[in-house]
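Please examine the sequence and the three-dimensional structure shown below before reading further.

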Amino acid sequence: NAQTLLGTGEKGTDKLVGNCIFKQDDITLYCDSALLHQQTNSVDAFGHVHMSQHDTLHLYGDVLHYDGNSKQAVIEQNVSMVDRSTKLVTQRLFYDANTDIASYLDSAHITDKENILTSRKGYYHTHKKQIFFKEKVVLTNPQYVMRSDTLMYHTLSKTSHFFGPTTITSKEDY
């Protein structure tokens, strides 16, 4: 752990620079620099942020706030979440490590080997491998384009369930 303690800022806050690593249970957080708030048991992480849980779920971004008491994180700027073969890209992601639910409220796209899925809002139940998409959902597959208001997608079985008006257009119709 090659971190340098730069001294304290406000009471109970440590400034750390250089290969910072934090661990809590099955969560590991890596970053270039951090503010460790001892009184609130929280961390503000900056630069090359990487948070992993269960060694299968990986969150990346530029800035992260993690609350060690509630086990909730907000990661922002150039955010990607990788869970095996599924990759989610957005600008702000909320992650609750207690419930294993990631959510976004301002557009994202999700890719796997065959599909590109975009929506304005989404909730990824990482333990169940289910993603719930809401508002302006578009699923692009090599064989079709599907538009819906609400969709549940299972990342392991690659099956979709529709919960609202849906239009599927075959690529042959183009």
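The structure is a predicted model. The chain contains 15 strands and zero helices. Along the principal axes, its C-alpha atoms occupy a box of roughly 65 × 25 × 25 Å. Of its 174 residues, 41% count as buried. Contacts can also be sorted by how far apart the partners lie in sequence: among those between residues at least 6 apart, 26% join residues at least 24 apart.

The interior may be considered next. In soluble globular proteins, nonpolar side chains tend to be buried together. In this model, the largest nonpolar core has 36 residues. Met51, Leu64, Leu93 and Phe133 are the members with the most contacts inside that core. Leaving aside residues up to four places away in sequence, methionine 51 touches Ile27, Thr28, Leu29, Leu57, His58, Leu59, Leu64, Tyr66, Ala73 and Tyr95.

Valine 49 and glutamate 76 are 27 residues apart along the chain, and their C-alpha atoms are separated by 9.7 Å.

Which residues line the largest pocket? The lining consists of Phe22, Lys23, Gln24, Ile27, Leu29, Leu36, Asn41, Ser42, Val43, Met51, Tyr66 and Gly68. The space within the pocket is about 170 Å³. Strands β2 (13–24), β3 (27–37) and β4 (42–53) each contribute at least two residues to the lining. By residue class, the lining divides into seven nonpolar, four polar and one charged.

The cysteines can now be examined. How many disulfides does a search of the whole structure find? The search finds zero disulfides. For cysteine 20, the nearest cysteine sulfur is that of cysteine 31, at 4.4 Å, and cysteine 20 is in no disulfide. Cysteine 31 is likewise in no disulfide, and the nearest cysteine sulfur to it is that of cysteine 20.

Backbone angles provide another point of study. Most residues other than glycine have a negative phi. Aspartate 100 is not a glycine, yet it has a positive phi of about 60°. Aspartate 100 is placed in the loop between β7 (86–96) and β8 (101–104). Lysine 158, which is not a glycine either, also has a positive phi of about 60°. Its location is the loop between β13 (144–154) and β14 (159–162). Is each of these two residues buried or partly exposed? Aspartate 100 counts as buried because its relative accessibility is 12%, whereas lysine 158 counts as partly exposed because its value is 30%.

Three further residues complete the description. Lysine 71 lies in the loop between β5 (57–67) and β6 (72–83), and at 17% relative accessibility lysine 71 counts as buried. Apart from residues up to four places away in sequence, lysine 71 touches Gln24, Asp25, Tyr66, Tyr95, Asp96, Ala97 and Asn98.

Serine 80 lies in strand β6 and is buried, at 13% relative accessibility. With residues up to four places away in sequence left out, serine 80 touches His58, Leu59, Tyr60, Lys87, Leu88 and Val89. Serine 80 and leucine 36 are 44 residues apart in sequence, and their C-alpha atoms are 23 Å apart in space.

Glycine 18 is found in strand β2. With a relative accessible area of 22%, glycine 18 is partly exposed. Glycine 18 and glycine 47 are 29 residues apart in sequence, and the distance between their C-alpha atoms is 10.0 Å.

How values were computed:
Residues numbered from 1 in each chain as written. Predicted model: local features only at pLDDT ≥ 70, side-chain atom pairs only at ≥ 80, totals over all residues. Heavy atoms only, no water. 1 Å grid on protein atoms, 1.4 Å probe; cavity = no way out; pocket = protein on both sides within 12 Å on 5 of 7 lines; lining within 4 Å. Points joined across faces, edges and corners; volume = space filled by probe spheres on them. Helix = DSSP H or I, 4+ residues; strand = E, 2+ residues; numbered from the N terminus. Nonpolar A, V, L, I, M, F, W, Y, C, P; charged D, E, K, R; others polar. Core = buried A, V, L, I, M, F, W, Y, C linked by side-chain atoms within 4.5 Å. Buried < 20%, exposed > 50% of the residue type's maximum accessible area, 1.4 Å probe, protein only. Contact = heavy atoms within 4.5 Å. Disulfide = S-S within 2.5 Å.
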